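The report below covers one chain.

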Amino acid sequence: MDLYTKWAIKIAIGLITGYFATRKNRSFTFWACMGTAGGIALVVLAFLPHLCKRCQQKVTAEEAKLDDCWNCMTVQADSSPHETSDNIQSNDTVRT
Ligand SMILES: [Zn+2]
């Protein structure tokens, strides 16, 4: 196997890793680089939980698929300013 083929395979693994990362709402660029550096990144990624698109909190695969995040639902249902985010605070200002 020549150097060109080796790099083609590395980059292919990187792209696959990046693709699975986006499926988990994780950074494509970061994981594509990790996957190119070593195929082990794909294995590591497989064991990491999905992240919520909006709040970046860990969610289960099922919740990610249904776009049903417990954390976001809690914030929407209860807009008291215990979560100190600018978005939430501005919502709270409108409400009160
Ligand atoms: Zn969320």
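## Helix packing and core

The model is predicted: local features need pLDDT of at least 70, side-chain atom pairs count only at pLDDT 80 or more, and totals for chains, interfaces and linings use all residues. Residues are numbered from 1 along each chain as its sequence is written. Helices are DSSP runs of H or I with at least four residues, numbered from the N terminus.

Helix 1 covers residues 3–23, 21 residues in all, and reaches 30 Å from its first C-alpha to its last. That is close to the 30 Å expected at 1.5 Å a residue, the expected span being 1.5 Å times one less than the number of residues.

A residue is buried if 20 or more other C-beta atoms lie within 10 Å of its own, and exposed if 12 or fewer do, with C-beta atoms placed from the backbone.

| Group in helix 1 | Residues |
|---|---|
| Buried | Ile13, Gly14, Thr17, Gly18, Ala21 |
| Exposed, on the face turned away from the buried side | Tyr4, Thr5, Ala8, Ala12, Thr22 |

Seen down the helix 1 axis, the buried residues fall within an arc of 140 degrees, so they line one face; the arc is taken over directions from the axis to the C-beta atoms. Their cover includes helix 2 (28–37) and helix 3 (40–47).

The largest nonpolar core has five residues: Ala21, Trp31, Ala32, Met34 and Ala41. Such a core is a set of buried Ala, Val, Leu, Ile, Met, Phe, Trp, Tyr and Cys residues joined through C-beta atoms within 7 Å. Helix 2 gives the largest share of this core, three residues.

Note on methods:
Helices (H or I, at least four residues) and strands (E, at least two) are DSSP runs, numbered from the N terminus. Two residues are in contact if their C-beta atoms, placed from the backbone, lie within 7 Å.
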